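Good morning. I will take a few minutes on one structure, and then we can move on. Please look at the screen.

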Amino acid sequence: MAIESFDVAIIGGGPGGYVAAIRASQLGLKVACIEKRETLGGTCLNVGCIPSKALLESSELFLQASKHFENHGIIVSKPQIDVPAMIARKDKIVKGLGDGISSLFKKNKITRIVGQGKIIATNRVEVTDKAGAKSEIEAKFIIIATGSEPASLPCLPMDGEFVVSSAEALCFKSVPKDLVVVGAGYIGLEMGSVWTRLGSNVQVLEFLPKALPLSDTESASLLQRSLEKQGLNFNFDTKVTGGKREGNQIIIDCEKSGQKLQFKADKALVCVGRKPNSLGLGIEALGIVVDPKTGQIKVDQYLRTAVPNIFAIGDLVAGPMLAHKAEEEGVAAAENIIGGKTTVNHDTIPSVIYTWPELSSVGKTEEQLKEAKIAYKIGKFPFIANSRARTMGETEGMVKILAHEKTDRILGVHIVGPRASDMIAEAVAWVEMQASAEDVARTCHAHPTLSEAFKEAAMAVEKKAIHI
Amino acid sequence: MITEIKVPSVGESISEGVLSKWYKKTGDTVKVNEPLFEVETEKATTEVVASHAGVLTTLIAEGEKVLIGAVVGNINIAAGGTASPTIPASVSSASVSSETIPTGAASNPAARHLAEKAGVDLSVVTGSGKGSRILKEDVVAHVESHAKPTAVVPKDARREVARETRQRMTPIRQRIAERLLHAQQSSAILTTFNEADMSAIMTFRAKYKESFQKKHGVGLGFMSFFVKAVIEGLKAYPAVNARIDNQDIVYQHFYDIGVAVSTEKGLMVPVLRNVDELTFAEIEKKIVELAVKAKENKITVSDLQGGTFTITNGGTFGSMLSTPILNPPQSGILGMHAIQKRAVVVDDQIVIRPMMYLALSYDHRIIDGKEAVSFLVRIKECLENPERIFFSV
């Protein structure tokens with residue numbers, strides 16, 4: 001069989017891979033994208049970002065209808081949830097977006113290869129399809145974008161039925177009566193939120209003393225208290241030691257402050273982190289360095305591995321394991337292949353948690369600034385004082401801006417509240433433009449909008465907020 | 001359009017010098033007549049100003065030897081006369097505000113606001129942001145290092161008036177300071193005094209004021225008399241019109257008289273050329289011309305160069321008597337002062353006469369005391385009896 005030759009072969013069709021493919025094609029390169037799933041989009045589209053947001057949307061609306069419509073004078077009888085219908089809607093959205101990526105591939109003349117990729121030489125990739133058949137392609141450059149998969153707890157192995165990962169939790173056939181969520185990171189909180197709203201009794205088990213350990217502490221506790229009010233139960237300093245089936249349920253054994261605890265549930269969702277898919281790619285043999293502890297592939301600032309024509313991006317390499325970070329790196333790698341020097345600034349990558357209220361951040365947390373001994377000023381503005389939030393009836397949360405004590409440069413922004421996910425884009429733009437808090441304070445924001453809270457927080461840095 | 005900046009000629013026999021100082025740097029927006037750089041030659045240090053407005057690019061570094069006529073930089077003149085950056089800066093802000101939007105490198109809102117408040121021209125601020133974007137902290141730093149009396153006062157008003165105000169010397173002020181110090185230290189400056197009865201001149205002025213103005217379109221001032229008297233003195237005592245060049249005394253057989261003019265930027269001494277060939281009217285016209293030029297900041301380098309002697313008039317400010325400093329490489333300078341009615345003795349009678357003190361500062365290395373005194377006496381004679389100028393007695 002003739003071996004087809006490409007300029008770039010991309011292993012992985014997730015947000016990192018497919019974006020790299022499209023960018024490379026825009027730059028005039030001949031591109032092949034190898035993805036083992038039938039649908040493109042990777043974890044993000046198929047079992048991550050998109051399905052979870054769809055379910056969060058559905059469950060939030062259910063919550064609104066159940067608890068908040070009457071505040072508006074809207075009388076509805078007690079709403080019911082048709083889980084299969086909700087899942088079907090989610091599936092339809094995922095399929096639609098997946099088809100969208102496929103047509104983008106067609107438009108950009110990217111060769112789509114279904115199968116598992118393995119690098120067998122610095123310019124050769126072997127593809128194994130579902131049936132086990134092997135083929136090869138040649139490529140001048142290779143971008144590895146195989147992403148990550150959920151980490152597992154050795155003491156509580158996943159069986160896909162009772163002990164599940166987020167992928168399965170997005171496909172439950174019915175609302176679990178009791179749900180245990182192991183890990184109070186963003187996945188645990190989002191998935192916990194979905195099912196709590198729909199009626200589950202959710203117990204979150206977290207090894208550390210607090211939720212969202214990497215987030216700004218004040219913002220994380222604000223969110224945590226809100227989630228508790230919504231019915232999420234938090235158990236901190238709780239270490240899972242094992243679990244066993246009991247009929248149609250699962251018993252989880254834990255230890256907390258020396259005491260033994262047990263939780264009974266219909267399902268246990270394990271979300272204790274994700275690990276890079278760097279094994280089985282054949283890269284060590286080529287001299288590409290993989291960190292044995294983290295599983296991350298070592299790359300330079302231009303996303304190049306130790307082999308000059310092989311790049312690695314996304315969850316495989318250091319930095320936040322976020323889809324948009326992978327996308328930025330995909331673009332950078334494609335540009336660097338043709339001689340560019342594009343780098344990705346990790347300081348301006350936002351992060352969002354899609355609970356309600358949402359939590360979004362960019363830049364440094366107060367803890368990070370304190371540790372680096374950087375003097376800073378704080379400007380805060382609560383949504384309860386924001387007119388738009390009041391009309392929406394969404395008054396929980398606040399905007400917090402951290403500015404450099406001397407230069408007034410914006411160092412960090414943390415938002416807990418309605419639409420924080422969209423509001424953070426303004427903050428990222430300001431940070432990219434090296435703006436000071438005063439720059440924001442002197443920029444007009446439409447009224448009445450949630451974005452005014454951002455402006456007022458900036459004004460609050462110099463104690464000049466008007467509406468508080 | 002790019003216009004080249006060349007090292008101007010600073011004197012006939014000079015072919016090279018050293019570019020001793022840049023006042024501006026690459027990327028700066030410069031205005032017409034704004035000082036750009038300094039050229040040091042063995043004879044003089046000359047300040048060169050911008051001939052056009054635009055964005056500067058320097059090509060030769062400070063301290064480099066340059067030939068006269070060499071290209072040391074260029075100015076990028078944007079169409080319409082507004083400066084546009086030659087560096088790949090981001091597009092200047094398009095937002096509308098009630099404050100003036102400067103052209104040039106882009107700037108953040110707080111930076112513009114602070115610049116407006118502190119009276120800082122954004123075109124002189126170096127932006128440290130991406131694409132040379134001017135950030136708030138850049139303007140803050142600029143204000144701190146160039147603190148003028150109009151610098152931003154913290155909003156919580158100061159409780160008492162500051163005891164000191166610090167202000168950086170402008171490049172021209174620095175140059176003036178350097179030259180004065182140099183003059184003081186490299187020549188042996190002495191001053192000799194005399195006084196002159198101005199009544200004769202005043203009589204002439206009163207008599208011919210109108211007809212002079214009518215005929216020549218310029219007033220008959222004192223300066224033409226002073227200048228004419230000085231020529232008589234210089235002709236009689238050539239050493240006063242000479243200069244020292246290393247081990248040589250160079251006697252200059254032409255009379256280019258510098259007339260000191262006070263401007264906002266400092267003292268300037270533009271030169272009247274070949275004054276011995278000019279009539280009274282021509283002298284007065286030339287002086288008016290130079291005064292206007294100085295006021296409008298249009299004095300060029302060549303206007304300031306090559307004088308052989310200088311006249312300065314402190315009288316316009318009320319000075320009774322002073323000791324002028326030499327204007328190197330000249331060897332003499334005549335100071336005129338205020339005309340005051342004083343009681344003096346004429347023919348053993350005490351009379352009231354309009355008297356003016358004269359001061360001649362001179363370089364004692366080549367002008368002896370006797371010469372200096374005699375020179376000043378000659379001036380006095382010509383002022384008290386202007387007809388002496390006609391008759392050359």
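Among the contacts in chain A between residues at least 6 apart in sequence, 65% join residues that are at least 24 apart. Keep in mind that this is a predicted model. Chain A has 468 residues, and buried residues make up 48% of them. As for secondary structure, chain A contains 13 helices and 22 strands.

Now to where the two chains meet.

Next, a pair of helices within chain B. Two packed helices are described by the angle between their axes and the distance between the axes. Here the pair is helix 1 of chain B, residues 109–118, and helix 2 of chain B, residues 136–145. Their angle is about 25°, and their axes are 7 Å apart. Angles under 35 degrees count as roughly parallel, so helix 1 of chain B is roughly parallel to helix 2 of chain B. The crossing of these two helices of chain B is left-handed.

Which residues make this contact? From helix 1 of chain B they are Ala110(B), Ala111(B), Leu114(B), Ala115(B) and Ala118(B). From helix 2 of chain B they are Lys136(B), Asp138(B), Val139(B), Val140(B) and Val143(B). By class, the residues of this helix contact are eight nonpolar, two charged and no polar.

That is what I have. Thank you.

Conventions: Residues numbered from 1 in each chain as written. Chains lettered and ligands numbered in written order. Predicted model: local features only at pLDDT ≥ 70, side-chain atom pairs only at ≥ 80, totals over all residues. Axes fitted to C-alpha atoms, helices over the stretch in contact; angles between N-to-C directions. Helix = DSSP H or I, 4+ residues; strand = E, 2+ residues; numbered from the N terminus. Parallel < 35°, antiparallel > 145°, perpendicular 65-115°, else oblique. Left-handed = near helix turned anticlockwise from the far one by under 90°. Contact = placed C-beta atoms within 7 Å. Nonpolar A, V, L, I, M, F, W, Y, C, P; charged D, E, K, R; others polar. Buried ≥ 20, exposed ≤ 12 C-beta atoms within 10 Å, placed from the backbone.
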